[in-house]
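The sequence and the model come first, and my entries follow them.

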Amino acid sequence: MSKVAVCVLIVDNKCCNFLSVSLKDDHSDFNLPGGKVEIGETLISTGIREVKEETGINIYNLKFLYEGNDGKIQVITYYTTNYDGDIYTKENHIVKWLPLYDLTKSKKWPEYNSKIYDKL
């Protein structure tokens with residue numbers, strides 16, 4: 001069985017930005033918060049946990065957006081505009097709001113992120 005990962009597109013509808021996190025090894029490459037599903041977790045709970053760990057915010061009302069593959073990893077992407085809290089992380093990356101179009105500028109996952117952008 002392949003590994004499964006979840007990422008979440010968090011959109012601020014007031015200014016059409018999304019909450020991005022840089023890669024830990026490349027702070028110039030911004031993508032969606034997310035990570036691998038742990039044993040006993042649902043897909044939704046994985047997305048909520050990963051977003052909290054990587055950004056410090058709480059998210060609600062996740063809706064399915066897209067599913068694809070990154071090599072041997074099945075990636076499920078959810079979408080929400082419902083969040084609260086302050087951005088804070090202890091992880092080695094940068095968290096910031098970017099224009100939605102910047103999803104298409106990913107270095108590591110340009111094809112996957114462009115498909116997400118097209119779904120909007």
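The entries below go through the ground rules, the salt bridges, the strands and the cysteines in turn.

**Ground rules**

I noted at the start that this is a predicted model, in which local features need pLDDT of at least 70 and side-chain atom pairs count only at pLDDT 80 or more, while totals for chains, interfaces and linings use all residues. Residues are numbered from 1 along each chain as its sequence is written, and side-chain values use heavy atoms, with hydrogens and water left out.

**Salt bridges**

I began with the charged side chains, since those of opposite charge can pair when their charged atoms come close. I took a salt bridge to be a side-chain nitrogen of Lys or Arg within 4 Å of a carboxyl oxygen of Asp or Glu, and by this rule I found eight salt bridges.

I looked up D26, which forms a salt bridge with K107, with 3.2 Å between the closest N and O atoms. This pair links distant parts of the chain, for D26 is in strand β3 (residues 26–31) and K107 is in the loop between β9 (95–99) and α2 (110–119), 81 residues apart. For these elements I used DSSP runs numbered from the N terminus, helices being H or I with at least four residues and strands E with at least two.

For accessibility I called a residue buried under 20% relative accessible area, exposed over 50% and partly exposed in between, using a 1.4 Å probe and protein chains only. D26, at 23% relative accessibility, therefore counts as partly exposed.

I then turned to R49, which forms a salt bridge with E38, the closest N and O atoms being 3.6 Å apart. R49 is buried at 17% relative accessibility, whereas E38 is partly exposed at 44%.

The side chain of R49 also meets that of E50 in a salt bridge of 3.0 Å, N to O, and E50 is buried with a relative accessible area of 8%. I recorded that salt bridges with shared partners join E38, E41, R49, E50 and E53 into one network.

**Strands**

I counted two strands as paired if DSSP finds at least two bridges between them. Strand β1 (residues 3–12) and strand β7 (residues 73–80) run parallel and are joined by eight bridges, while strand β6 (residues 63–70) runs antiparallel to β7 and is joined to it by seven.

I picked out T77 in strand β7, which is the bridge partner of C7 and is buried at 0% relative accessibility. With contact meaning heavy atoms within 4.5 Å, and not counting residues up to four places away in sequence, T77 touches C7, L32, K63, F64, L65, Y66, Y112 and I116.

**Cysteines**

How many disulfides does the structure hold? With a disulfide taken as a pair of cysteine sulfur atoms within 2.5 Å, I found zero.

The sulfur of C7 is too far for a bond because the closest cysteine sulfur, in C16, is 20 Å away, and C7 is buried at 11% relative accessibility. The sulfur of C15 has its closest cysteine sulfur in C16 as well, at 7.1 Å, which is too far for a bond, and C15 is partly exposed with a relative accessible area of 41%.
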